[in-house]
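Please read it alongside the sequence and the model.

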Protein chains: 2
Amino acid sequence: MKDNNDMPGHLARRFQQIAVAVFLAEVGDAGFDLTPVQYAALATIKANPGLDQVTLAGLIAYDRTTITGVIDRLVQKGLAERRASRRDRRARELEITDEGRRTLRKITPAVESAQRIMLRGLSAKEGSDLMRLLHKAIAAGNELSRAPLRQAQA
Amino acid sequence: MKDNNDMPGHLARRFQQIAVAVFLAEVGDAGFDLTPVQYAALATIKANPGLDQVTLAGLIAYDRTTITGVIDRLVQKGLAERRASRRDRRARELEITDEGRRTLRKITPAVESAQRIMLRGLSAKEGSDLMRLLHKAIAAGNELSRAPLRQAQA
DNA sequence: TACTGATAGTCAGCATACTGAGCAATATCC
DNA sequence: GGATATTGCTCAGTATGCTGACTATCAGTA
């Protein structure tokens, strides 16, 4: 019988499980309380000031129903702000706060360290091969999840 | 600034996200209502009759607090049984039911199809390379998550 | 045997993710 | 311009996954 461990789906789950654990450990050791999901959202808000929630969700491939809670928590921690848009009264414009900027800056070494640790079993070449193959598989499957990656509008 | 999409952690999350979506779509189209997590648990119970929950958790790298709910749902669907062990009154022995066996058999083509689809952007060689590299990274990081993979006792 | 530590399982609480539904506002089309 | 479709967001419900705590039981030892 085919072992679970030979299935790409199982390996995907396991790698993600380790990646999250490593991220939380490194960031926690650095004295911060931020999840991988919250970090990606905050970094993307900083890089795209004033973007709305749907655009943010598209840029990091989150479901729109998930992003609501993520932003709730960023706002509650004082790292981001959510205000009504005047162009489109359905939309919310997102901004990073000074506190959010400070947190991002201070947390960066821990985040980079985490990325290294989750690849620590691989050589540099193997690591970049893995990234390239994941990229390629993800690009081909982008439309298969409810929350595909979307480029920002010009 | 470094893009989220260049971080292994983000790629891990995205690949897993697509893998789950593909699995649910294929299995759903085949007329079954089983998650990837439930499938792996059921297949492992079938392969190791009478095992206890902690052993099952170790074999598929689930947290022991997660497995409780997963088994609850397998039992509720009539696919598995949970009964008290006589050797150790703390433990529960798990068995697959006939219904569970039938379901596993009928669901297998959809599961295999899902594994192919999530690698559809890759050549055969690229697919096996990806699996090998994931394996290696996971092996090196096994102890970093709260729910590491464990071999069954002899 | 009494004590100590470890183990099996569960539970409460929190954070992703998703399905599906709904509301309000905007776009589109005739 | 008015009906229709679409879009932005939220909510309820379900399923992982985790932290941390707790109970019951078992194992080892003094």
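In which helix of chain B is the place of B:Leu134? B:Leu134 sits in helix H6, residues 124–141 of chain B. The model is predicted, and the points below are grouped by topic.

**B:Leu134**
- B:Leu134 has a relative accessibility of 2% and therefore counts as buried, the cut-off being under 20%.
- Leaving out residues up to four places away in sequence, B:Leu134 touches A:Leu11, A:Phe15, A:Leu130 and B:Phe15.
- B:Arg116 is 18 residues from B:Leu134 along the chain, and their C-alpha atoms are separated by 16 Å.

**Surroundings of DNA strand D**
- DNA strand D is surrounded by 27 residues, the closest being A:Val54, A:Arg90, A:Arg92, B:Arg73 and B:Arg146.
- These residues divide into 13 charged, nine polar and five nonpolar.
- Sugar or phosphate accounts for 69% of the atoms of DNA strand D within 4 Å of the protein, and bases for the rest.
- On the base side, an N or O atom in the side chain of A:Arg64 is 3.4 Å from a base nitrogen of DNA strand D.
- Two or more residues of this surface come from each of helices H1 (8–29), H3 (53–60) and H4 (64–76) of chain A, and from each of helices H2 (36–47) and H4 (64–76) of chain B.
- H4(B) gives the most, with five residues.

**Helix H2 of chain B**
- H2(B) has twelve residues and spans 17 Å from its first C-alpha to its last, close to the expected 16 Å.
- Buried residues in H2(B) include B:Gln38, B:Tyr39, B:Leu42 and B:Ile45.
- The buried residues of H2(B) pack against helices H1, H3, H4 and H5 and strands S1 (80–84) and S2 (92–96) of chain B.

**Aromatic pairs**
- The whole structure holds two aromatic pairs over all chains.
- In one, the rings of A:Phe23 and A:Tyr39 have centres 5.9 Å apart and planes at 55°, so the pair is tilted.
- A:Phe23 is in helix H1 and A:Tyr39 in helix H2 of chain A, so the pair ties together parts 16 residues apart in sequence.
- A:Phe23 is buried at 4% relative accessibility, and A:Tyr39 is buried at 8%.
- B:Phe23 and B:Tyr39 also form a tilted pair, at 5.9 Å centre to centre and 55° between the planes.
- B:Phe23 lies in helix H1 and B:Tyr39 in helix H2 of chain B, 16 residues apart.
- B:Phe23 counts as buried at 4%, as does B:Tyr39 at 8%.

Methods: Residues numbered from 1 in each chain as written. Chains lettered and ligands numbered in written order. Predicted model: local features only at pLDDT ≥ 70, side-chain atom pairs only at ≥ 80, totals over all residues. Heavy atoms only, no water. Helix = DSSP H or I, 4+ residues; strand = E, 2+ residues; numbered from the N terminus. Buried < 20%, exposed > 50% of the residue type's maximum accessible area, 1.4 Å probe, protein only. Contact = heavy atoms within 4.5 Å. Near = heavy atom within 4 Å. Polar contact = N/O pair within 3.5 Å; in protein donor to acceptor, adjacent residues only side chain to side chain. Nonpolar A, V, L, I, M, F, W, Y, C, P; charged D, E, K, R; others polar. Expected span 1.5 Å × (residues − 1). Phe/Tyr/Trp six-rings, centres within 6.5 Å; stacked < 30°, edge-to-face > 60°.
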